[in-house]
Amino acid sequence: MSIFSKIAAGEIPSYKCAENDKFYAFLDINPVTKGHTLVIPRKEIDYIFDMEDDDLADFQIFAKRVAKALKEVIPCKKIAQAVYGLEVNHAHIHLLPINKEEDANFHSHVTISNEEQKEIAEKVFAAFSAHK
Ligand code: 5GP
């Protein structure tokens, strides 16, 4: 079981931002910007471009809904999306609130207290749930 599967199953704690039966979204443990969120499929697969077409389409649509909720909570110009997958071998989309291109610099990180992470996740979860 991957570390992200354990997170989606609630075996490892996370700051949950959104979920449904197929996908799960939670705050990144080492955020690049405030509100940095990871979106994952519950079904374990390493490489995003190995996903079946229908699953990939649903994954992207779910991420779009998470991005909209995130933008309601974190003041920003846009939500950037990135896929790397070099560290964790479970497909995931990074969603990053940004105001300028340099904000999406994966070599620099922001420090956010656990209390604030909790607050952000709860607000995003509420915004996501309101648009169901
Ligand atoms: P990538 O695989 O796309 O290169 O990066 C993996 C991302 O997952 C990183 O941004 C890293 O901070 C995040 N990450 C790794 N382990 C955990 C974890 O246990 N919990 C959370 N919330 N994020 C994690």
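The residues of the shell around the ligand divide into ten nonpolar, four polar and two charged. Here Ala, Val, Leu, Ile, Met, Phe, Trp, Tyr, Cys and Pro count as nonpolar, Asp, Glu, Lys and Arg as charged, and the others, Gly among them, as polar. The model is predicted; local features need pLDDT of at least 70, side-chain atom pairs count only at pLDDT 80 or more, and totals for chains, interfaces and linings use all residues. Residues are numbered from 1 along each chain as its sequence is written, and side-chain values use heavy atoms, with hydrogens and water left out.

The ligand is surrounded by 16 residues, each with a heavy atom within 4 Å of it. Leu 27, Asp 28, Glu 87, His 92 and His 94 are the closest. For the side chain of Asp 28 the separation is 2.5 Å. For the side chain of His 94 it is 2.8 Å. Glu 87 contributes a backbone N or O atom, at 2.9 Å. On its own the ligand has 520 Å² of accessible area, and the protein covers 86% of this (Shrake-Rupley method, 1.4 Å probe).

Two elements, α1 (3-8) and β2 (23-27), each give two or more residues to the shell. The largest share, three residues, comes from α1. Helices (H or I, at least four residues) and strands (E, at least two) are DSSP runs, numbered from the N terminus.

An unreviewed UniProt entry places the feature "domain: HIT" at residues 3-106; such annotations may be inferred rather than shown by experiment. Over residues 3-106 the chain is 26% helix and 24% strand. The end C-alpha atoms are 20 Å apart.

How values were computed: A polar contact is a pair of N or O atoms within 3.5 Å; within protein, one must be able to donate a hydrogen and the other to accept it, and residues adjacent in sequence count only if both atoms are side-chain atoms.
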